[in-house]
Structure formats: C-alpha cells, structure tokens
Amino acid sequence: MKLSQFKFKLPEDQIALEPPHRVFENEDGSVEKVYHRDECRLMVVHRKSQTVDMFQKDADGNDTTDFLTFKNVIDYFDEGDVFVFNDTKVFPARLFGTKEKTDAKIEVFLLRELNEELRLWDVLVEPARKIRIGNKLFFDEEGPMVAEVIDNTTSRGRTLRFLYDCPHDEFKRELYALGSAPLPRYIVDKREATADDMENFQTIYAKHEGAVTAPASGLHFSRELMKRMEIRGINFAFVTVHCGLGCFDPIEVEDLTKHKMSSEQMVVTPEACEIVNKAKADGRHVCAVGISTMRATETAVGTDGMLKEFNGWTNKFIFPPYDFGLADAMITNFYHSESTMVMATAAFGGYDLVMKAYDMAVQNGYKFGCYGDAMLIVDD
C-alpha cells in the first residue's frame, strides 16, 4: 500500500492534550482536575459484520445517544478470554540543560543507558546544531549534574557521558529527578509537562523500566476496571516492549515496503506463553492491548499459531495486507494521519473498515493521540 492512502484531515482541537478528567472548583476558588483513565470514548469495530458501534444500547438493543466509554470494553469478553498487556515502564526522559559559556537552553531526550559504569547515555538533543563533541551541559544550577558530549550518532543523536561520581542507584535517582514525562511533541508544543503527567503517562501495571513513550492503549485501564475483568474470569498475560520513538518517525517513502522501523527491545516470558496458549487451545479470545503488544506477539508467534518465548529486539512493521497469527481482538487509540499505528490498525481491522471508522471518529469529535479515545476491534 501507499503512504498517501493513510492521509486524512484532523482538526487541531481533536488532539487530546490531557487524559479524560473532570474539573472541580474548590471553596477557595482554586481549580482541581480529577483524572479518570477509563472514561474516554470507545468505538467498537466488528471485522466480520463490517459494522461500527459508537453508542450504548437500550433494553431493546437500540442505540441511545450516550457514547460507549472504555468501561464498556468488558462487555465484549467472557470468562477464559485473555488480554495481553505491555508492562514496560516509562522513565522521565525529557531534561533541559544549559550549554557551557553560551548558557543556551538545550533539550536532552534520554533514549537508553549505554554503559552503567561509565554513565554513557544515547540521547537526542534540540537544537542539535548547537551541540558538538566536547561541549558540556549543566542540568541543575545548584547541583553537580553535568554531561559531556563524546560522540555524534545521528543528525540529532548524541552520546553523553554524565560526570557524576556516586553509586549508580543514586545517579539514576538524581538524573530522573531532573526529568519530566516524555510526552509526545504534539503535546509539549502546546503545553508543558506537569507532575500529574508522570502518573497519567504510565500504565497502572508498569513494571520493567525502559520505555521513552507510553504504550498508550494501556493507559485506559484503571484498577477498578481490571478488578471487574478479574471477577468476570478474564485472564491477563504480560509481555515487555520498551517503546521507543520510532513510531513517531515520519515515513518518508510512498511505497510502505521500503520503510524501516526502529528496533525495540522485547521479552516474552514462559508465563505469558502458558496463559495465552491455553486460551488459544481452549478456543477463547486473545486481545492484544496496543500496537506495541501486537508487534511483540506477531514477532514471537510460531507457525502453529502459538506464542513462543522471546528475548531480543523487533523492528516489525505491520501494514496492509498482513496475516495475523495470534490475537483475534485488539485495543488501540486513534492516531495521527500517516502514522505507523494507523497502518497496523488498518492491517488488523481491514483498510476500508478502519478508515471508515476514522472518518466517523473525526466527524463525531473523538480525541486522537496518546491521551485520546480508544478503538476495540473484535472478530465478529
């Protein structure tokens, strides 16, 4: 397929800058926001019947005027079904420092630690034209956190060596204390990250640190919803995919077969395989929560349709046409025009049906992006 087939117009005011929330005014006049992860809208796409649900039903099965919310996701699954989650943990990757001598403000985006002993990190810098090998960056006027640029890796990429003499745990703690939630550029260009974002931009089941962007579809799950799912008998399996920035890279080729995805580290444990494969053997539904999870399961699925243990990297790029080997349901967000996430969604749900659903989402005011509304694709 061609890149241009995934282009659509999205009004700026439909890009979600915050999660679903309610605003309350206190007696002293101050305003307080209370966030509710599971109260975004939910659109349900039925692959076989080629229909789309947006509204809740009345007692007679007719549409009401009330939109489905994410809490309704439980209504589409039964005892023995399995949800596969990505339990990666986001760290506060965005820092701001000043360049020595010039005092220029520099954004440093941490990607991954290269060497624990030497304090080497792979980072992106902005504006990159001002940062050269040998430059030093200061991150705290009153503290000792300093970094030296020791290599250029890409046009914006640099290798930094942090000059901080202390135990590694203390170094990481001090470094992260200077950072903020790594919100996508389309959010931070409109507002600054807040303390709330470090909680909101993290799934409630996050466990293994290493992601520089959140597995966004998992952000909708609240503790209350997951408890209700447990009571219903729905099982959970966890894989780990350390989400990088590759999903935000613009695709620069019209022919999608020529696009190369950045690699992401992933782990599929024996425990996850056991839970998923039992459900498959019993004829139950397997729902992949998010594109990163889907990429992981498609990387690790065997020719027999069963999930296999895996510990390594994946650069799998999913776009139509694609034959899926494991999950028969998927949860995803609504994403930007020409993004790899839209392409993976269209591959799973069918190009025509998914693009119709996207058009309905735009026309009905759904919110897009990491903090936006959700889509459930089911195989009925």
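**View 1. The second largest pocket and its lining residues.** Fifteen residues line this pocket, and those nearest its centre are Tyr35, His36, Arg37, Ser222 and Glu224. The model shown is predicted, so local features need pLDDT of at least 70 and side-chain atom pairs count only at pLDDT 80 or more, while totals for chains, interfaces and linings use all residues. Residues are numbered from 1 along each chain as its sequence is written, and side-chain values use heavy atoms, with hydrogens and water left out. A pocket is an open set of points on a 1 Å grid over the protein atoms alone, with protein on both sides within 12 Å along at least five of seven lines; lining residues have an atom within 4 Å of a point. The volume of the second largest pocket is about 310 Å³, a volume being the space filled by probe spheres set on the points, which are joined across faces, edges and corners. Helix H4 (223-232) supplies four residues, the largest share of the lining, and helix H3 (195-200) supplies at least two. Helices (H or I, at least four residues) and strands (E, at least two) are DSSP runs, numbered from the N terminus. By class, the lining has three nonpolar, three polar and nine charged residues. Here Ala, Val, Leu, Ile, Met, Phe, Trp, Tyr, Cys and Pro count as nonpolar, Asp, Glu, Lys and Arg as charged, and the others, Gly among them, as polar.

**View 2. The second largest cavity.** A cavity is a set of grid points where a 1.4 Å probe fits but cannot get out. This one holds about 90 Å³ of space. Tyr35 and Arg37 are among its lining residues, which also include Pro19, Pro20, Asn200 and Tyr371. Six of the lining residues are nonpolar, two polar and one charged.

**View 3. The largest cavity.** Two cavities of 30 Å³ or more are found in the whole structure, and the largest has a volume of about 280 Å³. Cys247, Ile291, Ser292, Tyr335 and Met341 are the closest to its centre among 23 lining residues. Helix H6 (291-300) and helix H7 (340-349) are the elements that give two or more residues to this lining. The lining comprises 15 nonpolar, five polar and three charged residues.

**View 4. The largest pocket.** About 1,300 Å³ of space lies here. Among the 49 lining residues, Leu111, Leu124, Gly244, Leu245 and Gly246 lie nearest the centre. Strand S10 gives the most to the lining, five residues; helix H1 and strand S11 are among the other elements that each supply at least two. The lining has 22 nonpolar, 15 polar and 12 charged residues.

**View 5. The largest nonpolar core.** A nonpolar core is a set of buried Ala, Val, Leu, Ile, Met, Phe, Trp, Tyr and Cys residues joined through side-chain atoms within 4.5 Å. Met43, Tyr358 and Phe368 touch the most other members of this 73-residue core. Helix H8 (residues 351-363) contributes the most, eight residues.

Definitions and conventions
Buried means under 20% relative accessible area, exposed over 50%, partly exposed in between (1.4 Å probe, protein chains only).
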